[in-house]
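I opened a new file today and kept notes as I went. The entries follow in the order I looked things up.

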Amino acid sequence: IMDAPENATLVIGHNAKTKEELASMIHEGRWSEFIREIPVKKGDFIQIDPGTVHAIKGGLLILETQQNSDITYRVYDDRLQNGKPRELHIEKSIDVITVPAKSVEDSVTSATGLPENQLNELYACGYYQIYKLDVNGTCSFAQNYPFLLMSVLEGSGIEATLVAHGHVCGRVELKTEGYPEVRGGSSRRVYLPKGWSDESVCLHLCGIGEGGALTAVRWEEIQR
């Protein structure tokens with residue numbers, strides 16, 4: 001959770017205790033009984049397991065990282081698509097929803113107050129790992145993964161040194177006008193989010209290297 005209003009909640013899980021109760025609540029439209037809302041605040045981390053009923057509520061700013069999937073089942077929806085209600089998947093949803101839902105205590109963990117300048121593991125499974133890195137000054141770490149995506153959530157500016165086979169292969173710097181500049185090294189792509197600014201930095205790096213695999217990324221604070 002990157003930002004949240006006071007007393008914010010997120011839909012995570014449900015209140016049904018059995019599959020029969022789950023089907024009854026859904027078919028009868030007892031949404032206030034069925035849907036479970038959990039209090040959340042800035043800095044919280046939520047792992048949404050397969051089979052989890054979930055929905056984002058207004059006022060929340062979140063960073064969502066997910067495994068590629070072409071399947072989305074909707075059990076309830078009040079939004080329109082081309083002026084028409086979007087398709088629902090009632091029976092398929094009932095079939096795959098986990099009953100009972102994971103407990104509230106196991107659904108939300110805090111990602112604040114973690115050790116600085118190291119990769120802090122928030123979650124790991126057979127498909128992906130999620131880390132949080134709080135940079136204070138200068139930080140470096142080995143890139144031992146086949147693919148690594150980094151999103152900068154806060155800070156007045158970030159400078160990255162890209163290292164391939166132990167040699168510096170380029171730098172990505174925040175220029176004075178608020179756009180990054182790639183200097184030196186082999187080809188790379190830099191993706192800029194809409195609304196890039198000095199106050200809200202979010203930089204994704206990928207496609208590094210022509211001469212070899214990326215082995216490290218060093219992030220440094222920019223002294224402005």
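Which residues make up the largest nonpolar core? I was working from a predicted model, and I listed 11 residues for this core: Val-11, Ala-16, Leu-22, Ala-23, Met-25, Ile-26, Phe-34, Val-53, Val-75, Ile-94 and Ile-97. I then checked the contributions, and helix α1, residues 19-27, gives the most to this core, with four residues. I also found another core of 10 residues lying apart from it, with Ile-1, Ala-8, Val-40 and Ile-46 among them. As background I noted that nonpolar side chains tend to be buried together in soluble globular proteins.

Next entry: confidence. I read an average pLDDT of 75 for the protein chain, with 69% of the residues scoring at least 70. Where is confidence highest and where lowest? I found the highest mean in α1, at 96, and the lowest in strand β14 (residues 189-191), at 37. I marked two stretches with pLDDT below 50. Residues 162-169 are one of them, and this stretch has 33 contacts in the model beyond near neighbours in sequence. Residues 172-224 are also below 50, and I noted 159 contacts for that stretch, again beyond near neighbours in sequence.

Next entry: the surface. I looked up a nonpolar patch there, formed by Ile-71, Tyr-73 and Val-96, with about 270 Å² of accessible area together. Ile-71 sits in the loop that runs between β4 (54-55) and β5 (80-81). Why does Ile-71 count as exposed? Its relative accessibility is 57%, and the cut-off for exposed is over 50%.

Next entry: His-89. I placed His-89 in the loop between β6 (84-85) and α3 (90-96). Is His-89 buried or exposed? I have it as buried, because its relative accessibility is 12% and buried means under 20%. Leaving out residues up to four places away in sequence, I found that His-89 touches Thr-72, Tyr-73 and Arg-74. Tyr-73 is also part of the surface patch noted above.

Last entry: totals for the protein chain. I counted four helices and 16 strands. Of the 224 residues, 32% are buried. Among contacts with a separation of 6 or more, 59% come from residues 24 or more positions apart. The chain exposes about 14,100 Å², and I noted that carbon and sulfur atoms supply 49% of that area.

Note on methods:
Residues are numbered from 1 along each chain as its sequence is written. This is a predicted model: local features need pLDDT of at least 70, side-chain atom pairs count only at pLDDT 80 or more; totals for chains, interfaces and linings use all residues. Side-chain values use heavy atoms; hydrogens and water are left out. Patches are made of residues with over 30% relative accessible area and no salt bridge: like charges are joined within 9 Å, nonpolar side chains (Val, Leu, Ile, Met, Phe, Trp, Tyr) within 5 Å. Accessible areas come from the Shrake-Rupley method with a 1.4 Å probe; for residues, only the protein chains shown count as cover. A salt bridge is a side-chain nitrogen of Lys or Arg within 4 Å of a carboxyl oxygen of Asp or Glu. Helices (H or I, at least four residues) and strands (E, at least two) are DSSP runs, numbered from the N terminus. Buried means under 20% relative accessible area, exposed over 50%, partly exposed in between (1.4 Å probe, protein chains only). A nonpolar core is a set of buried Ala, Val, Leu, Ile, Met, Phe, Trp, Tyr and Cys residues joined through side-chain atoms within 4.5 Å. pLDDT is the predictor's confidence in each residue, from 0 to 100. Contact means heavy atoms within 4.5 Å.
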